[in-house]
Amino acid sequence: MLLSFEAASKRYRRHAREIVAVDRLTFDLDVGESLCVLGSARSGKTTLLRLAAGVEIPDAGTVSFVGRATSAMSRRERENLFRHEIGCVWQAAGPDHVEVVQFVSWPVLSAGKSVRAGAELAREKLSLVEADDFMDARIGDLSPSERMRVCLAQALVRSPRLLIADEPSKTLDPIDRRRIVDLLRSVTGEAGIALLMTAGDATGALPHAQLGSLDRGQLRISQPPVADVLPFQPRAAHG
Amino acid sequence: MARRGAQRRAKASGLKYAVLGLLVEQPSYGYSLISQLTEVVGDAYRLKDSAVYVAIDTLKADGYVREVERQPVADSKRTQRVMYAITPEGREAVAMWLSGPAGGSPEPARSELVRRLAFSGREHAASLLEAIDEGEMECVELIAAATRRQHALAGRSAGEWEAEVERLVHGYGISYLQALLDWHRDARAVVTRFAAEANAGEAG
């Protein structure tokens with residue numbers, strides 16, 4: 001199993017009150033599978049993703065990546081996980097003054113590769129997310145949808161086994177929203193990357209994925225008919 | 001009984017125009033109308049075959065459609081396959097419908113749960129919570145189905161009238177289901193709170 005949550009809980013202390021962000025989450029995600037979690041504001045979506053990414057460890061229960069509990073890993077091991085195995089698309093989307101190719105190649109450079117190798121890989125992934133037109137722009141000049149695609153390219157240069165996306169369709173209009181969701185499907189489906197994503201409401205849901213509902217830290221996942229979890233079939237052409 | 005009949009008629013009248021709308025294009029068989037309707041309207045509405053036949057019967061009685069062909073069928077429960085066509089009166093009715101005011105309200109889905117909620121005391125909290133979970137999962141499954149259907153259309157050229165209308169039609173279903181999902185979460189919060197208070201009361 002690639003990613004496994006077993007009764008994983010996370011609490012926060014806000015002033016005198018203890019807040020349960022996520023409560024005994026249990027689910028598995030294997031290679032090539034995708035799970036889209038629907039939840040309103042403060043339902044615990046981001047905490048769930050931060051636990052999955054190994055950015056945080058649970059207070060109770062376990063989160064395991066390929067059979068190893070994140071709580072049993074050293075900080076360095078978790079950082080390595082983050083660098084090589086898991087690609088993340090978070091809401092905060094890159095510094096404005098940086099050029100797109102440079103931004104996308106950062107993970108490659110921090111892994112010790114040359115600037116040239118980094119730029120080459122960055123351009124390849126940018127092309128994959130249909131960002132050819134603005135490869136040479138600065139982040140600050142991009143629309144929300146373009147920014148999202150750039151962040152997706154950056155997550156992909158790590159050649160991850162798991163892609164995590166935090167409400168990728170949040171600030172987008174309906175047409176861009178569908179485009180991003182389609183892209184997420186195609187880039188993960190074709191490469192067999194597992195996908196864990198969240199959406200604020202049903203309009204951002206991922207097609208052909210398992211869907212879950214997160215409410216006040218509790219996750220309920222629907223058991224789809226078999227046809228829903230069949231392997232992704234790429235579209236013949238992008239229209 | 002009378003009330004049931006009225007409900008059935010009200011439901012059929014909503015469908016009536018959808019069936020007529022399809023027949024404007026070309027004559028069609030009953031079962032192929034059903035599959036076309038599912039295609040157009042999506043999974044969110046849970047169309048019943050019988051409701052479509054009721055609508056067709058009503059349309060026949062109104063003189064808006066007529067039978068144009070009857071074929072015997074060997075391998076089906078229905079012994080004959082009937083092809084229907086729209087009449088000139090039917091065309092007029094569609095035109096009136098399209099230019100008339102939009103009315104109606106979405107049926108209160110999960111009505112069984114709502115009715116149970118209305119007649120339950122707080123001592124029924126546990127079974128209500130179960131029903132709420134079930135209802136929520138049903139919403140999630142319908143969202144999955146509607147999203148899949150919408151995605152299937154995504155390859156068509158965006159920006160064109162047909163593609164945009166289809167996106168809107170499926171979007172309506174998805175928005176409606178999202179509202180139901182929110183309702184279930186709200187219901188859970190309320191029932192959970194009262195269940196906790198009841199438990200605390202018992203313990204003390």
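**Before you start**

Residues are numbered from 1 along each chain as its sequence is written, while chains are lettered from A and ligands numbered from 1 in the order in which they are written. Because the model is predicted, local features need a pLDDT of at least 70 and side-chain atom pairs count only at pLDDT 80 or more, whereas totals for chains, interfaces and linings use all residues.

**Stop 1: the whole of chain A**

Select chain A, which has 6 helices and 10 strands; helices (H or I, at least four residues) and strands (E, at least two) are DSSP runs, numbered from the N terminus. The C-alpha trace spans about 45 × 40 × 35 Å along its principal axes. A compact globule of 239 residues would have a radius of gyration near 18 Å, and chain A agrees with this at 18 Å; the radius is taken over C-alpha atoms, and the globule rule is 2.2 Å times the number of residues to the power 0.38.

Of these 239 residues, 45% count as buried. A residue is buried if 20 or more other C-beta atoms, placed from the backbone, lie within 10 Å of its own, exposed if 12 or fewer, and partly exposed in between.

Now colour chain A by pLDDT, the predictor's confidence in each residue, from 0 to 100. The average is 88, and 92% of the residues score at least 70, but over residues 226–239 pLDDT stays under 50.

**Stop 2: the open sheet**

Select strands S1, S2, S4 and S5 of chain A, which form an open sheet in the order S2-S1-S4-S5 with antiparallel pairing; two strands pair if DSSP finds at least two bridges between them. S2 (17–29) and S5 (68–69) stand at the edges with a single partner strand each, so one side of each is left without a neighbour in the sheet. Next, look at S1 (residues 3–14) beside S2(A), where the antiparallel pairing runs over 9 bridges, and find A:Phe5, which stands opposite A:Phe27 in S2(A).

**Stop 3: a parallel pair**

Move to strand S6 (residues 86–89) of chain A, which pairs with strand S7 (residues 162–165) in the parallel sense over 4 bridges. Here A:Ile86 stands opposite A:Leu162 in S7(A). Which way do the residues of S6(A) point? A:Ile86 and A:Cys88 point one way and A:Gly87 and A:Val89 the other, and all are buried. In a regular strand the side chains alternate between the two faces of the sheet.

**Stop 4: helix H4**

Select residues 115–128 of chain A, the 14 residues of helix H4, which at 1.5 Å a residue should span 20 Å, in agreement with end C-alpha atoms 20 Å apart; the expected span is 1.5 Å times one less than the number of residues. The buried residues of H4(A) are A:Gly118, A:Leu121, A:Ala122, A:Lys125 and A:Leu126. Seen down the axis of H4(A), these buried residues fall within an arc of 140°, so they line one face of the helix; the arc is that of the directions from the helix axis to the C-beta atoms. What covers them includes helix H3 (100–110) and helix H5 (144–156) of chain A, while on the other side of H4(A), A:Arg116 and A:Ser127 are exposed. H4(A) is followed by A:Glu130, whose phi is positive, near 60°.

**Stop 5: chain B**

Finally, select chain B, which has 7 helices and 3 strands. Of its 204 residues, 25% count as buried.

Note on methods
Two residues are in contact if their C-beta atoms, placed from the backbone, lie within 7 Å.
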